[in-house]
Amino acid sequence: YVDNAVNNSYWTTVTPHEVAHQWWGQLVGFSSYRDQWMSEGFAEFSVSVYEKDTLKMNDYLDFWKGHQKLLLQKNKEGKRPIDVGPLTMGYRVANEKTGNIYQDLIYSKGAYVLHMLEMMEYWSKGGSSKGGSEAAFQHSMQEFVKEYSGKAATTEDWKASMERTMPRSLDIDGNGKLDWFFNEWVYGTALPRYTVNSRFLTNNDGTTTAFVTLKQSNVSDDFEMIVPLYVQMTDGKVVHFAGLTMHGNATFDQQIPLGKLPGTPKAIVMDAYADILEDASN
């Protein structure tokens, strides 16, 4: 406690996490150990909201990079938390063969599940010309709290609530369901790998066209994901321009009109806001 207090991490991570439990775990409870990930994961996600509003952007990004590292690094038993089991296994993921892996999986991946949905909803109304908005995701979570205040919610309860409020852009299977996302990230152990390459053409009218190659691999044939893409400028700024829906082990290789950009483009990048959990290991 003393060491954490000295380096300030106690006040920027532990404190907001515990405060957030007044909503996640208390106001809205969890039905069983299979749903406990919502209490801890939602509280940990709330830490990111606190850091984004009170600290610098680099601190916010470091928060997510730290959780990605926790999920991908092997413990002394040689296990990566991301591979051991789904979130709904709860504390049963920890045993003599996997080690004390519960917290790294439940807290980190649970938070990432919310973060990925948050960012997909953030950009749901279009690219940089229209800007992003936190309103859609805030509305989704507020409706969930209203419906289950004072009750014990299941994972399926939260899924059904999110389906009732999600933007149309997340309905990639056209069935009004988030099965594609929950099967992969909540009930599964998938971890995609991505590579992206690009080049640019400046048109006579001052607009820019990007030639983009995006590859998704290390997944099953029925894996689906909305992959956010950004233009990185030579001054370091990034501009969101697309959310590409990728199916299975596939490659997107097309040209995309970007219109007039607020600077000179350097590269097409993804994960600009640590907004997708991917296998970034070498």
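Let me start with a pair of strands: β5, which covers residues 224-233, is joined to β6 by nine bridges, and the two run antiparallel. Before I go further, please keep in mind that what we are looking at is a predicted model.

If we now widen the view, β5 and β6 belong to an open sheet of three strands, arranged in the order β6-β5-β8, with antiparallel pairing. The strands β6, residues 238-247, and β8, residues 265-270, stand at the edges and have a single partner strand each, so one side of each is left without a neighbour in the sheet. Going from one strand to the next, the twist averages 25°.

Two packed helices are described by the angle between their axes and the distance between the axes. Here, helix α3, residues 36-54, packs with helix α4, residues 57-72, at an angle of about 160°, and their axes are 8 Å apart. Since angles over 145 degrees count as roughly antiparallel, that is how α3 lies relative to α4.

Which residues in α3 and α4 meet? On the α3 side they are E44, F45, V47, S48, E51 and K52, and on the α4 side they are D59, Y60, F63, W64 and H67. Sorted by class, this contact of α3 with α4 has five nonpolar, two polar and four charged residues.

F45 and W64 form a tilted pair, with 6.5 Å centre to centre and 45° between the planes. This pair links distant parts of the chain, because F45 sits in helix α3 and W64 in helix α4, 19 residues apart.

Are these two residues buried or exposed? With burial set at under 20% relative accessible area, F45 counts as buried at 6%, and W64 is buried as well, at 0%.

A further aromatic pair is formed by F181 and F182, and this one is edge-to-face, with 6.1 Å centre to centre and 70° between the planes. F181 and F182 are both buried. They also take part in a cluster linked by ring pairs, which comprises W24, W37, F42, F144, Y148, W158, W180, F181, F182, W185 and F223.

Technical notes:
Residues are numbered from 1 along each chain as its sequence is written. This is a predicted model: local features need pLDDT of at least 70, side-chain atom pairs count only at pLDDT 80 or more; totals for chains, interfaces and linings use all residues. Side-chain values use heavy atoms; hydrogens and water are left out. Two strands pair if DSSP finds at least two bridges between them. Helices (H or I, at least four residues) and strands (E, at least two) are DSSP runs, numbered from the N terminus. Axes are lines fitted to C-alpha atoms, for helices over the stretch in contact, and angles run from 0 to 180 degrees between N-to-C directions. Angles under 35 degrees count as roughly parallel, over 145 as roughly antiparallel, 65 to 115 as roughly perpendicular and the rest as oblique. Contact means heavy atoms within 4.5 Å. Ala, Val, Leu, Ile, Met, Phe, Trp, Tyr, Cys and Pro count as nonpolar, Asp, Glu, Lys and Arg as charged, and the others, Gly among them, as polar. Rings of Phe, Tyr and Trp (its six-membered ring) pair if their centres lie within 6.5 Å; planes under 30 degrees apart count as stacked, over 60 as edge-to-face and the rest as tilted. Buried means under 20% relative accessible area, exposed over 50%, partly exposed in between (1.4 Å probe, protein chains only).
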